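Welcome, and thanks for taking a look at this one. Please keep the sequence and the 3D view open side by side while you read.

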Amino acid sequence: MKNILEVFLGILTAMGGFVEIGELVFTVNAGVKFGYKLLWMVVVGTVGIIVFGEMSGRIAAVSSQPVFYFIRQRAGYGAGLLTLIAANLASLLTCAAEIGGIAILLKLLFGGNYFLLAFLTLVFLLLVVWFLSFQAIERIFGLLGLLMLVFVAAAFWLGPDWTSMASGFIPSVPQLETTSDYFVYAYFAVALLSSIMLPYETYFYASGGIEDGWNPSAINQNRIIVIVGFSLGALLAVALMIIGALYFAPLLIEPQMPGTAAMAPAFLFGKWGLIIALLGMFFAFSGAAIENALTGAYNISQFFGWNWGKYRVPKDAPRFHLAWMIMFVLAALIIFTGVDPVEVVEYSIVFSIVILPLTYLPMLLAGRDTDYMGPYANGWLAGILGWAYFVLICIAALAAIPLLIITHGGKG
Amino acid sequence: MSEHHLDIIRQVLDRQLVDANHNHCGKVDDVELELKGEPKVIALLVGNEYASDRLPEFARYVSRKLFGRRRLKIPWSEVSVITDDIKLAQDAKEYGLDERKGFVFEFISKLPGAWKK
């Protein structure tokens, strides 16, 4: 019974934590620009994150050795350090994007100065991570992120044409008017893949499994949570794309600001629709900001061999605790420079895809290593899917920056 | 423990150091070998100086400027067990590897709740 409850809560947590700011901005805008035509990319990305999420959870359950131990042991100090710097830069940018997004949401909810609200967000996040346990953070932000399900209700309410929607799940290149439209289509495809498969997710998941004290008996539980939780989370991404196609496109609005997306539930369900949508986004973005800051601290502590983990008394892991604080502060400083948070989102997504091969390769090598994983090493399915996705993300990584430049950040 | 069958690169270098009280206390950044006759590990080398030595020239310079040139030697005789980690015989502070001192510790340990589980 306890196990069933655990799995159920795990699924809800994975679902509520699925969407963060980058995904929200790109799915809604992909819907505005291309209707249902990029829905298939949500499926591709979701299967990808399931493959690597399952792998990193299994690694955490089998070996008490976190992934950055393995990276340093196998890649050596120099290449390992390069991976560490790239992974933490991606996490820092993502964390900054979330903090900027939260400040915008708070401004919509309460009004006030954007920078003051960003500062209050920083203080809030610092206090939450300092005072709450890992398990409490995981549950609170995952479960309250489910308020975003109001977007799924809104998508249903809008009454999508199911046949044309179904055809969007088949990978295709649609007929577009100009060559530049094709580049924009490709840019959105790459950005969607990146926003769903953000690199911090698997690092966080692997270290989180160790925080939760997983052992090999948790492997099946992990598998169910990842497959069901992430698939249901993808529903949210699909709903956001439908909202883009059916609500914003006819109004000729391309919602740049993350809060704009809440206009759809506000229009359909009134004031409470708006409040629930904004609160859902608040918890989802906050959860992602926390996960990125902790990921940065996990990575660096594991690379240099310090005591790490929220489960340790802070005075026994002082460097780890200082590290996540520094991640938050640096992320907030990026926002304080006055840079447009939407641009930070965009760069965080593009930078993430560029370094994605660097972060997923070690995971793939660790997962298949029988010295490290014993009988729990990747089977044929995880192996084939893992390498297929590795090839795919390498192609996306090579294409990302040229596409960013050619399309002027997706504007065509 | 027989040194003869130890794969230094895979089993020692870059492995996690754990003290007698299960505290993590850094990584094996390098090893010192004696090459007279049968090669033998003399000491584990820990610290940014040794780690930086493994970087290309420019990165080495930057790393030393940023993170200092700490160098510590732990005699091989202090190694008690080798599993996935390298377990040391005494507490980290006997080797100068305890992270619970210095300004980071001073700061964190003064915050409310820092001593509570």
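Predicted model: local features only at pLDDT ≥ 70, side-chain atom pairs only at ≥ 80, totals over all residues.

In chain B, the briefing covers an open sheet of three strands. In chain A, it turns to the crossing of H4(A) with H13(A), the crossing of H6(A) with H12(A), and the surroundings of Val150(A) and Gln221(A).

**The sheet in chain B**

- The open sheet has its three strands in the order E3-E4-E5, and the pairing is antiparallel.
- Strand E3 (30-34) and strand E5 (72-75) of chain B are the edge strands, each pairing on one side only.
- On average, neighbouring strands of this sheet are turned by 30° against each other, with direction ignored.
- Five bridges join E3(B) to strand E4 (residues 40-46) of chain B in the antiparallel sense.
- To follow this pairing in your viewer, look for Glu34(B), which stands opposite Lys40(B) in E4(B), and for Asp30(B), whose bridge partner in E4(B) is Leu45(B).
- The hairpin of E3(B) and E4(B) has five residues between the strands, and Gly37(B) takes a positive phi near 65° in this hairpin.

**Helices H4 and H13 of chain A**

- Helix H4 (residues 67-110) and helix H13 (residues 318-336) of chain A have axes that come within 8 Å and cross at roughly 60°.
- That angle is why H4(A) counts as oblique to H13(A).
- The crossing of these two helices, H4(A) and H13(A), is right-handed.
- On the H4(A) side, the contact includes Asn88(A), Ser91(A), Leu92(A) and Cys95(A), while the H13(A) side includes Met327(A), Phe328(A), Leu330(A) and Ala331(A).
- Sorted by class, the contact of H4(A) with H13(A) holds eleven nonpolar residues, three polar residues and no charged ones.

**Helices H6 and H12 of chain A**

- The axes of helix H6 (residues 134-144) and helix H12 (residues 263-304) of chain A cross at roughly 145° and come within 7 Å.
- Here H6(A) passes H12(A) in a left-handed crossing.
- From H6(A), the residues Phe134(A), Ile137(A), Phe141(A) and Leu144(A) meet Gly280(A), Phe283(A), Ser286(A), Gly287(A), Ile290(A) and Tyr298(A) of H12(A).
- The contact of H6(A) with H12(A) has seven nonpolar and three polar residues, with no charged residues.

**Val150 of chain A**

- Val150(A) sits in helix H7 (residues 149-157) of chain A.
- With a relative accessible area of 10%, Val150(A) falls under the 20% cut-off, so Val150(A) is buried.
- Beyond its neighbours within four places in sequence, Val150(A) is in contact with Pro265(A), Phe269(A), Gly273(A), Ile276(A) and Ala277(A).
- Val150(A) and Ala239(A) are 89 residues apart in sequence, and their C-alpha to C-alpha separation is 9.6 Å.

**Gln221 of chain A**

- You will find Gln221(A) in helix H11 (residues 219-248) of chain A.
- Gln221(A) counts as buried because its relative accessibility is 17%.
- Setting aside neighbours within four places in sequence, Gln221(A) is in contact with Asn3(A), Glu6(A) and Val7(A).

Conventions: Residues numbered from 1 in each chain as written. Chains lettered and ligands numbered in written order. Heavy atoms only, no water. Pairing = 2+ DSSP bridges. Helix = DSSP H or I, 4+ residues; strand = E, 2+ residues; numbered from the N terminus. Axes fitted to C-alpha atoms, helices over the stretch in contact; angles between N-to-C directions. Parallel < 35°, antiparallel > 145°, perpendicular 65-115°, else oblique. Left-handed = near helix turned anticlockwise from the far one by under 90°. Contact = heavy atoms within 4.5 Å. Nonpolar A, V, L, I, M, F, W, Y, C, P; charged D, E, K, R; others polar. Buried < 20%, exposed > 50% of the residue type's maximum accessible area, 1.4 Å probe, protein only.
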